[in-house]
Amino acid sequence: MMLNLLYIHHFGGFQHRDYWILPYLTRMNSSLVAYDDSDSDTETGKTENLSLSGRETRLASSAMNPIQYFAPSGLGTKSTYKMQTVENTASTGTSIICEGAPAYKVQANNRDLAAVYPWKEYSNQAETLSGNGSFSQKRVHQDKIVTIKGIRPYIPKRLRQEKTSKVYEKKESEKQRESCAIPGEQISTEVSEFIKPYLASKYKSTEIPRNLVFQMSKHSGPVNKVQWCPVQGWSHMLLSTSMDKTFKIWNAVDTGCCLKTYSCHSCAVRTAEWSLCGRRILSGGFDSMLHLTDVETGTQVFSSNNEFRISTLKFHLSEPNIFICGGFSPEVKAWDIRNCKVIKVYKAAVQQTLDVLFLPEGKEFLTSTDAVSRDSADRTIIAWDFHSAAKISNQIFHERYTCPSLTLHPREPAFVAQTNGNYMALFSIQRPYRINKKKRYEGHKVEGFAVGCEFSPDGTLLVTGSSEGKIFFYNYHTARIIHTLSAHNQACVSATFHPVLPSVLATCDWAGDIKIWQ
């Protein structure tokens with residue numbers, strides 16, 4: 001308030017519009033009294049008259065800068081101020097000094113009036129009296145925001161969360177530029193000497209493997225899946241995903257050694273897929289993150305948060321930049337790698353998607369879910385139209401068992417579903433996707449494990465793991481067990497035939513071991 005009463009116009013001196021302040025100066029009798037914090041509420045003491053001489057004289061605006069200094073004089077618990085005008089040679093203006101006052105200063109020049117306090121600063125601001133006698137802030141000349149030293153402005157919670165998320169995304173993007181590959185052997189793109197003789201010829205009939213070639217035990221957790229590289233010339237490379245937060249590439253044909261380990265996930269890696277070109281790997285896990293990793297450099301080409309834990313991934317058959325992912329959510333999402341965006345969302349009244357299978361040409365796909373009730377099992381397998389995101393059918397499998405994996409026959413219009421009823425069911429890929437009740441591949445145990453199944457490249461054999469660690473080979477046409485291989489001590493959850501070598505099989509188990517059979 002005192003600063004307002006001692007207000008001096010920034011153009012120097014009083015002008016005709018400034019005479020409103022003179023009655024206040026007279027009424028106050030030019031007295032200024034300040035109290036310490038320890039003083040009582042009752043005002044006592046004497047005040048001294050201030051000399052107001054020269055107040056109404058106009059100061060030369062070209063050479064005078066009015067500066068007011070206030071310094072207290074020690075009078076016990078009170079401080080009395082005397083004001084006098086002195087010439088300020090440093091600032092080429094005049095100063096009005098209160099003797100014995102603290103070094104509070106108000107400086108006004110031709111452009112601004114600044115009031116400096118120990119606890120706040122004003123920039124291009126003038127203080128005026130509000131109606132209730134308190135100070136109010138008023139902008140002069142330019143619109144500049146008042147900055148108060150030591151006091152931060154209030155930021156709403158929503159804005160704080162957005163800022164935090166942006167910082168987190170920035171840090172994540174910086175991490176994604178770095179390589180997540182742990183150094184190992186060099187990735188070789190040369191064709192293996194074992195594979196070369198088979199590239200020029202057609203695939204022969206599949207033989208049942210009986211001998212162990214390699215046993216690889218680099219994973220420290222259960223291995224969820226193994227998959228050969230789809231490019232035939234590079235099919236010596238085997239991809240494995242594990243609950244130890246990593247996925248690895250192995251030379252499973254020549255040496256049985258681990259070529260590279262990728263650790264870009266912060267939780268278990270549930271699934272991964274080779275790209276159609278064989279140079280990238282798409283992975284998803286329980287950290288809800290999707291990563292498309294360059295095989296050679298280990299850098300992330302694409303990375304995004306999927307907003308739910310991922311349990312299955314599949315690339316589109318004819319669109320190499322589009323893939324579908326599902327997991328612990330009623331939604332299945334279709335992503336485009338080129339713009340890192342979701343292009344389609346497929347919603348169903350389920351809690352989890354267990355597997356995804358594209359039908360030939362990619363116009364339709366199937367999802368297996370955990371939707372099983374006591375009386376009915378509709379929605380256990382759902383057929384979708386890829387482009388319209390519409391449900392084609394959810395009345396495909398009516399038995400009360402979930403289906404942890406689906407696999408397509410390579411030559412006939414049929415697919416097989418692994419069930420938790422300890423058997424595999426055969427279906428037609430033609431609408432209305434009828435089940436073949438005459439064929440049922442049973443004899444192995446699943447017992448709640450996500451056990452995978454797969455056809456041989458010629459379609460004559462159907463192989464599956466089991467909760468007991470055994471591998472079962474079924475004849476596709478007769479549905480009979482041809483051979484049983486005691487491969488692992490714990491549950492064998494994945495078994496896959498080599499796409500070129502007729503009698504090579506890769507298997508993995510819940511103990512973290514990977515084995516190559518021939």
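User: What does buried mean here, and what are the other classes?

Analyst: Buried means under 20% relative accessible area, exposed means over 50%, and partly exposed lies in between, with a 1.4 Å probe and protein chains only. This is a predicted model, where local features need pLDDT of at least 70, side-chain atom pairs count only at pLDDT 80 or more, and totals for chains, interfaces and linings use all residues. Residues are numbered from 1 along each chain as its sequence is written, and side-chain values use heavy atoms, with hydrogens and water left out.

User: Why is leucine 461 called buried?

Analyst: Its relative accessible area is 6%. The cut-off is under 20%, so leucine 461 counts as buried.

User: Where does leucine 461 sit, and what does it touch?

Analyst: Leucine 461 belongs to strand E34 (residues 461-464). Strands are DSSP runs of E with at least two residues, helices are runs of H or I with at least four, and both are numbered from the N terminus. Contact means heavy atoms within 4.5 Å. Not counting residues up to four places away in sequence, leucine 461 touches Thr206, Ile208, Glu454, Phe455, Ser456, Tyr474, Ile482 and Phe497. Threonine 206 is 255 residues from leucine 461 in sequence, yet the C-alpha atoms are 7.6 Å apart.

User: Is threonine 271 buried or exposed?

Analyst: Threonine 271 is at 5% relative accessibility, so it counts as buried. This residue lies in strand E17 (residues 269-274). Leaving aside neighbours within four places in sequence, its contacts include Lys225, Thr241, Leu282 and Ile310.

User: What makes phenylalanine 247 and tyrosine 262 a stacked pair?

Analyst: Rings of Phe, Tyr and Trp (its six-membered ring) pair if their centres lie within 6.5 Å; planes under 30 degrees apart are stacked, over 60 edge-to-face, and the rest tilted. The whole structure holds 18 aromatic pairs. In this one, the centres are 5.0 Å apart and the planes make 15°. Phenylalanine 247 is in strand E15 (residues 247-251) and tyrosine 262 in strand E16 (residues 257-262), 15 residues apart. Phenylalanine 247 is buried at 0% relative accessibility. Tyrosine 262 is also buried, at 0%.

User: Why is the pair of phenylalanine 286 and phenylalanine 328 called edge-to-face?

Analyst: The ring centres are 5.8 Å apart and the planes stand at 85°, so this pair is edge-to-face. The two residues are 42 apart in the chain. Phenylalanine 286 is partly exposed at 24%, and phenylalanine 328 is partly exposed at 32%.

User: How do you know that arginine 309 sits over these rings?

Analyst: A charge sits over a ring if NZ of Lys or CZ of Arg is within 6 Å of the ring centre and within 35 degrees of the ring normal. The charged end of arginine 309 is 5.7 Å from the ring centre of phenylalanine 286. For phenylalanine 328, the distance is 4.1 Å.

User: What makes E21 and E24 edge strands?

Analyst: Two strands pair if DSSP finds at least two bridges between them. Four strands form an open, antiparallel sheet in the order E21-E22-E23-E24. Strand E21 (310-315) and strand E24 (341-347) each have a single partner strand, so one side of each lacks a neighbour in the sheet.

User: How many bridges join E23 to E24?

Analyst: Strand E23 (residues 331-336) is joined to E24 by 6 bridges, and the two run antiparallel. Aspartate 336 stands opposite lysine 341 in E24.
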